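Reader: I am new to protein structures. Could you show me how to read sheets, helices and chain contacts, step by step?
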Amino acid sequence: MSQEYRKMWEDLNLNLDAHDALLGVLGKVYGDIYMTQKERPGGMDYFNFVMTEIHGLRIKELLEEKKQGRKIIGSYCVFVPEELVLAAGATLIGLCSGADFATEAVEQMLPRNTCALIKSSFGFKLGKACPYLEAADMVVGENTCDGKKKAYESLKTLVNNLYVMDLPQMKTPQGRELLKSEFLRFKEALETFTGKPITPANLKQGILTVNAKRRALHRLSSLRRANPAPISGLDALLANQVFFYDNPARFTKSVNALCDELEERIREKKGVASEKTPRILVSGCPMAVPNWKLPWIVETSGAVIVGEESCVGERGTRELTEESGNSLEELMEALVDRYFRIDCAIFTPNQDREDHIREMAKAYKADGIIHYGLQFCQPYTVEAIPLEKVFEKEDLPFLRVETDYSMEDVGQLKTRIEAFVEQLRQ
Amino acid sequence: MRCAGIDIGSRSMEVVVLEEGEVAAFRQAETGSAPLEQAASLLEGLSWDRLLATGYGRELAAHAFSCSTITEIKAYARGARELYPSALTVLDIGGQDCKVISLRENGRVKKFEMNDRCAAGTGKFLEIMAATLGFDIENFGERALAGRDVLKINSMCTVFAESEVVSLISRGESPGDIARALHTSVVLRAVSMLRRVGFSGKLFFAGGVARNRCMKHLLEIHLQEEVAVPEHPQRVGAYGAALLAREEP
């Protein structure tokens, strides 16, 4: 690790020892899980590079941007509109929430039975180990689930630049009005914060930029319909995870380059696993870096993941924002329309999600569905039960998994997932 | 052809060797802290054309004896099908987990449930409770059979249940009645798991805990139907693995 980075982390007030330990574990886990995969596309080299530099080069770039006067906005959710952030001349990044960290300190602020994702976000703050959070000029929280909503009240005592956005819970005209007024409020907050007015021109540019990276991921998803699968679920998940960190234009270019290669593979009928490998759709809670636990177990149990019905996956990127508007009003309406379609489990009822799972299972020719619920995540774990019943009735095998970031249940999980794969094979 | 199955569980391991479909050898040992050495000595002197490993130690066995693996779910489902062809549901309570498998008419796995991460309601739970009450695990079931249905254990967590037991003892309750209540709590948990897979009758009960007569008795009471327990409940996994080894392409 270069001295330059150490100085940078020191200036960001990170706890260097804890951070070193984190990077050590991250590097080892990445090596064990990712670098041991067979038949990886060459285009994944870029993502390997991003992962090795995730707390290095990317942070350096963000600090350069800051020097130029650009603001860095951190977020924990796909409801925070990146288009507005870009229009205001700022950069949006996803904040660390995919690993257990400083758990003891966290449990002095949050109940033990809080989901791993929320605990993790606190852990990285309390343990001073997330350079993104420390580099962020503004952190945007959002009222999704009760856990997050209430946790932001406590997070406010830890970060001095927290902005909380309210969100609707029903897809009614009133719900849409709430989202619209919250997006307008956020727009004004951004303008005040950056000093840069959001104009039709820069908002349109923001929309085009974000749509471009979504389109690149759509292209990647559609290539995963092929059998044999041209890319592993782990690698596709990684691309979806890097979506939240990377420079948008570079990300788009890299995903498209990867897709060019995958198209070639499909022409040659080459894949990461044989044609007979059971294909699995993963559905449920988001998996933030470095949470690769479930896909790692699935793909070392003789199956391949062909889609992620998740915030870090299609739920987050499925919808594009309509680009045709010219006035600010039209573009803001388009933005509200786009985000209001997200089928997050905080909405009630949430029939769209069931329909999307069905569509995805069909499109990606999934043999079975694994529902990934984070323990104590009520919205998703509650939805999982009726979903299981519906899909089993439709003869789509469905395995409901509830877990967290720890490794204590890996043995049992592996048995359950292997048995599920056996069931799909019979 | 000689086909063997080895089931390395958390508490015990079993080997079954089949010759022309008949059990030619059956061996059993405690898993202990050196399962690989134990498995090697268990297999010593046995010969086979095909070997298939199952249970928690399956990966360990796969490396050491260069064989394939299957999960306990598949092994128990196969073993149950052979021993009780009309079985529609399998309950396997072993040393550290509890599994419920629902079968299709043709014996294929339709759905299964398994406890996630703790050993609540398994053999380990009964073992610890027997020790707390000063009973030998081998006759814990008999003591419970003689007990009355007058107490209730509320907690499924081994640690909490143990403190419940301690307070019942200090209240002067009879150890037999406490044993009965503990068995009932394990049975109720298994019954709720059975209902989750859509229990449709014809239950085959296996695993080490199936040797406990009180468990079978209480299951029959709560399910209101007869429960089939094989002669050797602990060897169903190894037996199923051996059968599957024979059927491998």
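This is a predicted model: local features need pLDDT of at least 70, side-chain atom pairs count only at pLDDT 80 or more; totals for chains, interfaces and linings use all residues.

Reader: In what sense do E1 and E4 of chain B pair, parallel or antiparallel?

Author: Follow the two strands along the sheet. E1(B), residues 2–8, and E4(B), residues 50–54, pair in the parallel sense over 5 bridges. Within that pair, B:Gly5 stands opposite B:Leu52.

Reader: How many bridges join E2(B) to E3(B)?

Author: There are 8, and these strands run antiparallel. B:Glu19 has B:Glu22 in E3(B) as its bridge partner. The two strands form a hairpin with 2 residues between them. Check the turn as well: B:Glu20 has a positive phi of about 50° there.

Reader: What is the strand order in the open sheet of chain B that holds E6?

Author: Read across again: E8-E7-E6-E9-E10, 5 strands with mixed pairing. E8 (109–114) and E10 (227–228) of chain B are the edge strands, each pairing on one side only. Inside the sheet, E6(B), residues 89–93, and E7(B), residues 98–103, pair in the antiparallel sense over 5 bridges. There, B:Val90 has B:Ile101 as its bridge partner.

Reader: Which strands does helix H3 of chain B lie across?

Author: H3(B), residues 72–83, lies across E6, E7, E8 and E9 (203–206) of chain B. Its angle to E7(B) is about 55°.

Reader: Now chain A. Which elements make a β-α-β unit there?

Author: Trace strand, helix, strand. E3(A), H9(A) (residues 146–155) and E4(A) make a right-handed unit. E3(A), residues 138–142, and E4(A), residues 162–165, pair in the parallel sense over 4 bridges. A:Val139 stands opposite A:Leu162.

Reader: How many residues does each chain give to the contact?

Author: Count each side separately. Chain A gives 12 residues and chain B gives 13. Helix H19(A), residues 410–425, gives the most to the chain A side, with 8 residues. By type, the chain A side divides into 1 nonpolar, 5 polar and 6 charged.

Methods:
Residues are numbered from 1 along each chain as its sequence is written. Chains are lettered from A and ligands numbered from 1 in the order in which they are written. Two strands pair if DSSP finds at least two bridges between them. A crossover is right-handed if, with the strands pointing away from the viewer, the path from the first strand over the helix to the second runs clockwise. Two residues are in contact if their C-beta atoms, placed from the backbone, lie within 7 Å. Ala, Val, Leu, Ile, Met, Phe, Trp, Tyr, Cys and Pro count as nonpolar, Asp, Glu, Lys and Arg as charged, and the others, Gly among them, as polar. Axes are lines fitted to C-alpha atoms, for helices over the stretch in contact, and angles run from 0 to 180 degrees between N-to-C directions.
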